[in-house]
Amino acid sequence: MLTYDSRRESAHRIPLALLLIAPMVAISLQSLISVHFERFNLINLPLLITIYFAVARRNPIAGTLLGAVIGIGQDALTHLPIGVNGMANALIGFIAASLGVKIDVENHATRLLLNIAFLLLHSFCYWIITRHMLGTNLTWNWIHELLRAGVNAVLGVILFALLDRIRTRD
Amino acid sequence: MESFFTRYKNGLVLLLVLLVQLIGLALQVRRPMPNSPDSKPVRLLRYWVISALAPPARVSHGAGRGARGFWSNYIDLRNVREQNHDLQAEVDRLRLEEGALAEDARQGQRLQRLLDFKEHYIYRTVTAQVIGTAGSDRARLLIVDKGSRDGVALEMPVITPDGIVGKVREVFPDSAQVLEISDQASGAGVMLETTRIRGVLRGNAYGEPQIINILPDDRIKPGERVLTSGGDQIYPRGLPVGIVERVANDPERNPYIDVIVKPGANLSRLEEVLIITSTGDQLPPGSENDLSKSEALAQQHSAAEVLSEKLPSIHDPSDLTAPPGTDGPAPGAAGAGATHTAADPAAIEAAKKATAAALLARSLKPPPPLHPDRFTTGASTLPPAQSGRVNPTPATSDGIVTERRAGTAGLAEAPKGRGITAARSTPTSQRSAQSAPRPGDSKTATARTVTSKTATPRTGTPKTKQKPAQTPESTPPQTSPPPSTATTVQPAQTTIIPTPVPAKYVEPYYTKPQSSKPQPQQQRPGGTKLNPVTRPPTPKATTPATEQSPTVAPQGGQ
């Protein structure tokens, strides 16, 4: 296991183009695919992108800002107030970047467990904000949330491997 | 101090980001009305994101649509002609149905005008393509490719032919957001079709539309249709919403129930929707034209039906010059030749105008037989034994065929059923001569049977309790014209041409002893016992063989 400083120094350099295009593509695909496949609503591609870039860059500030921007982009497509997903994603980005410095995130099993934990944390943050801050009638369903977290975690492992190859090629 | 910010800069940045968004959240929530439009900065932010998303979405949607259109417009065109023919036939049928309901619709409009009730009809719609969604199962929202430039505005209802979809929540120049009825923030005034119970429809946490704030009612059953009530001033009244899927108790409000509705529109796979951009208190011109066409067609159809009832011998109302003998006269009508001449000219004129509708009326009649015989309605060719002697008329319901001789025009206008009475006024000798069996008449035995059955009460007291008005025997003898008047007014010399009565109706009559005295039985060659008393020497023209006849004791030997 590497030390904190060595992990920080070995942070991956991500091309700016990929950093700009990937979130937009994720938000667009999330919106477009859901038109034809309703079950795709279970997937949260923008959140997976947030986790990946936050872990890869290992910079909590960058992860926070990236998560906030992607979350606001998601909120803009809904009728919910701007900031619900922004706050949740910013928190996830911060934690993911902080963890990326301390633990090995290249392992698939680690990625799977991290994704499950981040998805559950995101759902909890979302539920707290919408139910207790906005006063909506959102219910918490453990089965649904675990299913969502599991599906997204599996997809996240595949997506992260794909993005690793793109990043290496660049 | 500097070391503090340097040391905790990550956490401070996070707090700052969260705080800014939290303040923004509070400002957005603090609106004058819950469903009021977003503030300008928020709306601008949404517009940027959707504007960035819309072009690739349009390209993607257009590519997919083009591929499907190429297949459906150029390759998958088989059986289009047959399908077009079937659809045209269905349009005609629906027009007739619409015309039948048009009078009620007009009456409803008149009553609404009297009550000063403003019915809102869908006047204009805009077809929009769904190019995106919110991308989350927590927000049921669609993005369509029509915006303010196409006349779309806030709060406009969005529908499909199967049911309502939602309402426009946000409008941009080239796109708009549609809030589905399955979202928790939605609301629509609905009512149940049968029970007329009204309520508010909105989505639950699982994305299912449900009617809330309803007291328990046993009449609410799954499968009942749900319609818009028009009370929300957004959706026009009477639009389909869906059907009741189940009823569940409201966990938060105990006495109330939630009626879960299965939406009629497939909200999970919407590609095209209709945005109602304008409503009015009158029907749109296109619908008005359709209604007028349907009314005219239904009127023609009705005229053709009236004509077919008056002139059942006419198959084609447009061809009124057809020879009278092509079809037989109406059953029971006394004058066959007078049928066409007695037709109402107005009805004939109406029938000429209703050529197309007459085809439908014609289809209700049985087709002409390929090989007509003497029993065929309107047969012009008869067996040699009957040709030149009688003019067959259709069989009546009781199996009797009346026959008129030439020169009986004096009774041509006799009402239906009077022919028997007139025949009974004929002198007995004449009747005997007329009804004598002729060679070649294969149904003579049956004729005798009928005659004996019906002639019996004349000579004796009926043993069954029959109403006098129902039996020809109730006619007083003095009402019969004397034989001398037969020279001036020729009575209808009607005889009975028997129809082939099935054996099951004949045999019981012979086998069942009707008299109190036991009669000697005669064994038929076929093994059936016959009552010889029931076989008179000469058949008489008598009443039809009715169902009551076997109960009358046969009395022979007049």
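How many of the residues of chain A, in percent, reach a pLDDT of 70 or more, and what is the chain's mean? Some notes for a first look.

1. **Ground rules.** This is a predicted model, where local features need pLDDT of at least 70, side-chain atom pairs count only at pLDDT 80 or more, and totals for chains, interfaces and linings use all residues. Residues are numbered from 1 along each chain as its sequence is written, while chains are lettered from A and ligands numbered from 1 in the order in which they are written.

2. **Confidence in chain A.** To answer the opening question, 91% of the residues of chain A reach 70 or more, and the mean pLDDT is 86 (pLDDT being the predictor's confidence in each residue, from 0 to 100). Helices here are DSSP runs of H or I with at least four residues, strands are E runs of at least two, and both are numbered from the N terminus.

3. **Helix H3 of chain A.** Helix H3 (residues 45-57) of chain A has 13 residues and spans 18 Å from its first C-alpha to its last, close to the expected 18 Å (1.5 Å times one less than the number of residues). 13 of the 13 residues of H3(A) are buried, so this helix is largely enclosed by the rest of the structure. Buried means that 20 or more other C-beta atoms, placed from the backbone, lie within 10 Å of the residue's own. Just after H3(A), Arg58(A) has a positive phi of about 60°.

4. **Where the chains meet.** The contact takes 37 residues from chain A and 39 from chain B (in contact: C-beta atoms, placed from the backbone, within 7 Å). On the side of chain A that touches chain B, the largest share, nine residues, comes from H2(A).

5. **Chain B overall.** Chain B has 12 helices and 16 strands. Of its 558 residues, 30% count as buried. Among contacts in chain B between residues at least 6 apart in sequence, 65% join residues at least 24 apart.

6. **The barrel.** In chain B, six strands close into a barrel in the order E6-E7-E8-E11-E10-E9, with antiparallel pairing; strands pair if DSSP finds at least two bridges between them. Strand E9 (residues 225-228) of chain B runs antiparallel to strand E10 (residues 240-249) of chain B, joined by three bridges. Arg225(B) stands opposite Ile243(B) in E10(B).

Conventions: A residue is buried if 20 or more other C-beta atoms lie within 10 Å of its own, exposed if 12 or fewer, and partly exposed in between; C-beta atoms are placed from the backbone. Two residues are in contact if their C-beta atoms, placed from the backbone, lie within 7 Å.
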